Amino acid sequence: MGRVTALLRIELDPKASVDVAAWPDSVPAVAHLLEHGLEIPPGVTFLVGENGAGKSTIVEAVAEALGIPADGGSTDHVGGAARGRASDRSDLGGRLRPVWRDRAAWRRGFFLRAETMHRFVSYLEDASAPADGPASTHQLHQLSHGESFVEMLTGSWVRTAGVVLLDEPESALSFTTSLALLDVLAQLAGAERHVLCATHSPILTALPGARVLQLDDAGITPVVWDELEVVRHWRAFLDAPGRYLRHLAE
């Protein structure tokens, strides 16, 4: 299998407009993307931040810019996984464009969302398209949410993709399956795939060599794992949960 070494950059289409007073352009991280672009180098890039910081909005928009359904799926099955545009989805993806250092290296992209994964599996069954992975689509439906999520990630949908997009995959995973996902991400990074993952997980963001970007009021800022707010909060909670739980009684 050939190695993917192209640098992918997502940027505002020169013909597109920006309205800084309207959502999603008013979100600081989105404004930063529109002004400076977002580079997705080979390896794993995590987007972290509080709810509303723009993580999912940006990952969805990157998917759409690459021709991948924003509801999840593959560039090979546009229109299959998505069931129409959600009312809360932004128009950001339609205003972005991908720029490659080496366009010839682009093969296909895959976007996996925990909340819509089973819809995509059902689409594959309806279309009689094989999953071509370690489990058939029928078998995937028989697994738990987390198990089927990891099985899908180890199949050819991901292994043959040049770009892999993930939106908060930890929502489907236990601690053990989170470690299994870490192994998958390490393999993708070793194969120089372009991986962009929105997450709240201190487990996933601990991946050695990963690039972590903090989304907040300052826009998009590189940050090391030890300095992540989510890491500090989890450490403090696990060290003394009573300090947080007493507020529930109050």
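User: Which residues of strand S6 are buried on one side, and which on the other?

Analyst: The model is a predicted one, in which local features need pLDDT of at least 70 and side-chain atom pairs count only at pLDDT 80 or more, while totals for chains, interfaces and linings use all residues. Residues are numbered from 1 along each chain as its sequence is written, and side-chain values use heavy atoms, with hydrogens and water left out. Strand S6 covers residues 109-113 and has five of its five residues buried, so it is largely enclosed by the rest of the structure; here buried means under 20% relative accessible area, exposed over 50% and partly exposed in between (1.4 Å probe, protein chains only), and helices (H or I, at least four residues) and strands (E, at least two) are DSSP runs numbered from the N terminus. Both faces are covered, with Gly109, Phe111 and Arg113 buried on one side, and on the other Phe110 and Leu112.

User: What is omega for the peptide bond between tryptophan 23 and proline 24?

Analyst: Most peptide bonds are trans. Proline 24 sits in the loop between strand S1 (8-12) and helix H1 (28-36). The bond that joins it to tryptophan 23 is cis, with an omega of about 5 degrees.

User: What is phi at glutamate 168, and what at glutamate 192?

Analyst: Most residues other than glycine have a negative phi, whereas glutamate 168 and glutamate 192 each have a positive one. Glutamate 168 belongs to the loop between S7 and helix H7 (175-190) and is partly exposed at a relative accessible area of 22%. Glutamate 192 is in the loop between H7 and strand S8 (194-198) and is also partly exposed, at 23%. For glutamate 168 phi is about 45 degrees, and for glutamate 192 it is near 60 degrees.

User: How far is the backbone nitrogen of aspartate 19 from a polar atom of the side chain of aspartate 25?

Analyst: Aspartate 25 lies in the loop between S1 and H1 and counts as buried at 4% relative accessibility. Not counting residues up to four places away in sequence, aspartate 25 touches several residues, including Val30, Leu34 and Arg95, where contact means heavy atoms within 4.5 Å. Aspartate 19 is also among the residues touched, and its backbone nitrogen lies from a polar atom of the aspartate 25 side chain at 2.8 Å.

User: Are the rings of tryptophan 234 and phenylalanine 237 stacked or edge-to-face?

Analyst: Rings of Phe, Tyr and Trp (its six-membered ring) pair if their centres lie within 6.5 Å, and planes under 30 degrees apart count as stacked, over 60 as edge-to-face and the rest as tilted. The two residues are three apart in helix H8 (residues 229-239), a separation of about one helical turn, and tryptophan 234 is partly exposed at 42%, as is phenylalanine 237 at 27%. The count of aromatic pairs by this rule comes to two. In the pair of tryptophan 234 and phenylalanine 237, the centres are 6.1 Å apart and the planes stand at 85 degrees, so the pair is edge-to-face.

User: Which residue forms a salt bridge with glutamate 11 at 2.6 Å?

Analyst: A salt bridge is a side-chain nitrogen of Lys or Arg within 4 Å of a carboxyl oxygen of Asp or Glu, and the whole structure holds six. Glutamate 11, buried at 16%, forms one with arginine 9, the closest N and O atoms being 3.0 Å apart, and arginine 9 is partly exposed at 25%. A further partner lies in strand S5 (residues 96-100) while glutamate 11 lies in strand S1, so the pair ties together parts that are 86 residues apart in sequence. That partner, with an N to O distance of 2.6 Å, is arginine 97.

Key. A polar contact is a pair of N or O atoms within 3.5 Å; within protein, one must be able to donate a hydrogen and the other to accept it, and residues adjacent in sequence count only if both atoms are side-chain atoms.
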